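Have it open beside you while you read.

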Amino acid sequence: MTEIPKKNLLTGAYRLYKEGYQFIGHTCEELRTDIFQIRLFGQTAICLRGEEAAKMFYDVNKMQRKGAVPSTVQQTLTGKDAIHTTDGQVHALRKSMFLSLMTDENISRLSGLFNQALHRRFAHWQLEPSIRLFDEMARALCAAVCGWAGVTCPPDEEQRRAADFIAMVDAFSSVGLRNWRGRFARTRAERWLTKIIKDGRKNADPGTALSCIATYREPSGEPLSDRLAAIELINILRPTIAIAWYIVFAVTALHESPDWRLKFIADRDDDQSHFIDEVRRFYPLAPFMGARAKVNFDWQGYRMPKGALVLLDLYGTNHDPRLWPLPYRFDPNRFHDRRIRPFDFLAQGGGDAATGHRCPGEKITVALMHTALKFLTGEVRYSLPEQDLKTDLSRMPTTPESGVILTNIRKSF
Ligand code: HEM
């Protein structure tokens, strides 16, 4: 058995802080390996990247989520005892509840609501000298997904509710003020939605996410507690609002590759889908995922001890040059003659969403990106003045520095 390569055992957290999204990928390249161990926050973490590593990471016979999601991530991003931390039967049944909402009909209803919300916001944009696109997308997504899920969110609350959902995502890898902002945002959102769940148990509209979660029963036959039901409802609202990250990245990419704007206007489905997939591959959002070895096992000649913390590099696998030639070039055409495999494109996790932890919201993500891009390329015109569009890869999560400022927004001919 070969010993797992070690790197700077004492400086893991520092390197993670300095290198952010590129930390695991850089270290793998330095050590010429897909696996290394490092000391992170008082424990040893085995870091992995690549397609073969993803196959192992998503094997439920080998890996589990119990004990893998740090409490700081649960207190900001996912919520305590959320689906992300479950395994086995409890996970399978809760996952089928999430997936039951992802029908084509439901997704097209959500896209329609998002389109309406964009038109409503556009009426305001025309009167403003400039808008910050990231904030506006978060607000429109918040209005749409709350309406879709059966959650009442009056227009004068949309902005601050959206800001709370964004703060939860913004906090996941931070310490200090950003982290506290995320915790307070979660406390407020859980309090708000716990009340909505309590009311929803009596009178939610059938077929909505609110009704689905309020009436859901665990394998034990028990309903979710009011608080856990609120947490799972947040696990639909928050990531939908987080699509704002991908939309601003997409607008940045259109600005940097204007030919693609013309392809969007030509409205060819294939081109649009390839562009959207390349945005999800190329730009940074989810950095890596953690799980723990469920049993002792061997992988490619290395011993994985039961209980070991394993981190799979999602961003690094999406930029692995063996899978994605010239990975740091934004090139939607790479998808023309290439099928996405279950473990090589990890923007929203890998494997099968029905049986594993892969994100159940990929179809919603793609559909809402389509809606936003059709609106922004077809229905409105804008100027994108000189500004700092660089993304800082050491910050997790990151956006273009300016948040993407648009001016002179008007109706297209
Ligand atoms: C899980 C990313 C949108 C709901 C995940 C995971 C990632 C991810 C990386 C973890 C996969 C794993 O554990 O291995 C994203 C990104 C999104 C997005 C980048 C777009 C901005 C959505 C949407 C929804 C959603 C729109 C629902 C409407 C969930 C849920 C889980 C999850 C419930 C937990 C799944 C499980 O543990 O089985 N997502 N997601 N996500 N996502 Fe998403």
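1. Ground rules. This is a predicted model, where local features need pLDDT of at least 70, side-chain atom pairs count only at pLDDT 80 or more, and totals for chains, interfaces and linings use all residues. Residues are numbered from 1 along each chain as its sequence is written, and side-chain values use heavy atoms, with hydrogens and water left out.

2. The iron. What does the protein give to the iron atom of the ligand? A single donor, C359 (SG), sits 2.3 Å away. Donors here are N, O and S atoms within 2.8 Å of the metal (3.2 Å for Na, K and Ca), and water is not among the atoms, so sites may look incomplete. C359 itself is found in the loop between α15 and α16; helices (H or I, at least four residues) and strands (E, at least two) are DSSP runs, numbered from the N terminus.

3. The ligand shell. There are 29 residues around the ligand, and Y58, R65, H91, H357 and C359 come nearest. A residue gets into this set if one of its heavy atoms lies within 4 Å of the molecule. By class, the shell has 17 nonpolar, 10 polar and two charged residues.

4. The side chain of Y58 has an N or O atom 2.5 Å from a ligand oxygen, and for the side chain of R65 the corresponding distance to a ligand oxygen is 2.6 Å. Two or more shell residues come from each of α5 (88-100), α11 (226-241), α12 (243-256) and α16 (362-379). The largest share, four residues, comes from α11.

5. Aromatic pairs. The count comes to 19. Rings of Phe, Tyr and Trp (its six-membered ring) pair if their centres lie within 6.5 Å; planes under 30 degrees apart count as stacked, over 60 as edge-to-face and the rest as tilted. Take F264 and F275, an edge-to-face pair at 5.3 Å centre to centre with 85° between the planes. F264 lies in helix α13 (residues 259-266) and F275 in helix α14 (residues 269-282), so this pair ties together parts that are 11 residues apart in sequence. F264 counts as buried at 4% relative accessibility, and F275 counts as buried at 0%. Buried means under 20% relative accessible area, exposed over 50%, and partly exposed in between (1.4 Å probe, protein chains only).

6. The cluster. F264 and F275 belong to one aromatic cluster, which also includes F249, W260, F282, Y283 and F330. Over the face of W260 lies K263, 4.2 Å from the ring centre. R183 lies over the face of W180 at 4.9 Å from the ring centre. The rule is NZ of Lys or CZ of Arg within 6 Å of the ring centre and within 35 degrees of the ring normal.

7. H319. Is H319 buried or exposed? It is buried, with a relative accessible area of 3%, and is found in the loop between α15 and α16. A polar atom of the H319 side chain lies 3.0 Å from the backbone oxygen of F282.

8. Backbone checks. The peptide bond from M396 to P397 is cis, with omega near -5°, and P397 lies in the loop between β9 (380-383) and β10 (405-411). D81 is not a glycine, although its phi is positive at about 65°; D81 lies in the loop between α4 (71-78) and α5 and is partly exposed at 40% relative accessibility. N408, also a residue other than glycine, has a positive phi near 55°. N408 lies in strand β10 and is partly exposed, with a relative accessible area of 43%.

Definitions and conventions: A polar contact is a pair of N or O atoms within 3.5 Å; within protein, one must be able to donate a hydrogen and the other to accept it, and residues adjacent in sequence count only if both atoms are side-chain atoms. Ala, Val, Leu, Ile, Met, Phe, Trp, Tyr, Cys and Pro count as nonpolar, Asp, Glu, Lys and Arg as charged, and the others, Gly among them, as polar.
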